[in-house]
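Subject: Structure handover

Hi,

Here is the structure I promised to pass on. Please open it beside this email, and my notes on what turned up follow below.

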Amino acid sequence: QVQLVESGGGLVQDGGSLRLSCAASERTFFLYEMGWFRQAPGKERELVAAARWSGDNTDYAQSVKGRFTISRDNAKNTVYLQMSSLKPEDTATYFCAARATSVSAWAYWGQGTQVTVAS
């Protein structure tokens, strides 16, 4: 069972930057895809960014394209989310997740880290 632990959340001003980290308890190289989701109060959880295998193939939600960058370091069993030009609407709890194959559910989840962007 892969355990994921996020860190790096916090309070930042509008236009600021944060980097989230997600450390896995086991080797991540076998995980097909690792990603970051977020959920704001009263809203559904949404996929923000995802990276497959070595991280060369990535996907982003339209709302964060050009501002967020996902990367994964399989040697360190860690995935990162670099967030720049943050906006108040980015305020949410951010969750790290992983799945084993392209047809698997997102089976592994972290506990979440809060990101608050003050206007």
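Let's start with a pairing: tryptophan 36 stands opposite alanine 49 in β5. Before going on, please note that this is a predicted model, in which local features need pLDDT of at least 70, side-chain atom pairs count only at pLDDT 80 or more, and totals for chains, interfaces and linings use all residues. Residues are numbered from 1 along each chain as its sequence is written, and side-chain values use heavy atoms, with hydrogens and water left out.

A word on terms: helices (H or I, at least four residues) and strands (E, at least two) are DSSP runs, numbered from the N terminus. Two strands pair if DSSP finds at least two bridges between them.

**Around β5**

Strand β4 covers residues 33-39, and its pairing with β5 is antiparallel, over 6 bridges. The hairpin of these two strands has 6 residues between them, and glycine 42 there takes a positive phi near 80°. Strand β6 (residues 57-60) also runs antiparallel to β5, joined to it by 4 bridges. Here alanine 50 is found opposite aspartate 59 in β6. The hairpin of β5 and β6 has 4 residues between the strands, and tryptophan 53 has a positive phi near 45°.

How many of the 7 residues of strand β5 are buried? The count is 5, so β5 (residues 46-52) is largely enclosed by the rest of the structure. Buried means under 20% relative accessible area, exposed means over 50%, and partly exposed is in between (1.4 Å probe, protein chains only).

**The aromatic residues**

For rings of Phe, Tyr and Trp (its six-membered ring), a pair has its centres within 6.5 Å; planes under 30 degrees apart count as stacked, over 60 as edge-to-face and the rest as tilted. By this rule there are 4 aromatic pairs. In one of them, phenylalanine 37 and tryptophan 106 have ring centres 5.1 Å apart and planes at 80°, so the pair is edge-to-face. Phenylalanine 37 lies in strand β4 and tryptophan 106 in the loop between β9 (92-99) and β10 (108-109), so this pair ties together parts that are 69 residues apart in sequence. Both phenylalanine 37 and tryptophan 106 are buried.

Phenylalanine 37 also pairs with tryptophan 109: the ring centres are 4.8 Å apart and the planes are at 55°, so this pair is tilted. Again distant parts of the chain are linked, with phenylalanine 37 in strand β4 and tryptophan 109 in strand β10, 72 residues apart. Phenylalanine 37 has a relative accessible area of 9% and is buried, whereas tryptophan 109, at 31%, is partly exposed. Phe37, Phe95, Trp106 and Trp109 form one aromatic cluster.

A charge sits over a ring if NZ of Lys or CZ of Arg is within 6 Å of the ring centre and within 35 degrees of the ring normal. Arginine 45 lies over the face of phenylalanine 95, at 3.9 Å from the ring centre, and its charged end also sits over the ring of tryptophan 109, 4.8 Å from the centre.

**The cores**

A nonpolar core is a set of buried Ala, Val, Leu, Ile, Met, Phe, Trp, Tyr and Cys residues joined through side-chain atoms within 4.5 Å. The largest has 29 residues, and those with the most contacts inside it are Leu4, Trp36, Phe68, Leu81, Met83 and Tyr94. Elements giving two or more residues to this core are β3 (18-24), β4, β5, β7 (68-73), β8 (78-83), β9 and β11 (113-118). Another core, of 5 residues, lies apart from it, and among its members are Phe37, Ala50, Ala97 and Trp106.

**The disulfide**

A disulfide here is a pair of cysteine sulfur atoms within 2.5 Å, and a search of the whole structure finds 1. Cysteine 22 is joined to cysteine 96, with S to S at 2.1 Å. The torsion about the S-S bond of cysteine 22 and cysteine 96 is about -80°, so the disulfide is left-handed. This pair links cysteine 22 in strand β3 with cysteine 96 in strand β9, distant parts of the chain that are 74 residues apart. Cysteine 22 is buried at 0% relative accessibility, and cysteine 96 is buried at 0% as well.

**One of the sheets**

Finally, an open sheet of 4 strands has the order β1-β3-β8-β7, with antiparallel pairing. Its edge strands are β1 (4-7) and β7, each pairing on one side only. Strands β1 and β3 are joined by 4 bridges, and serine 7 stands opposite serine 21 in β3.

Cheers
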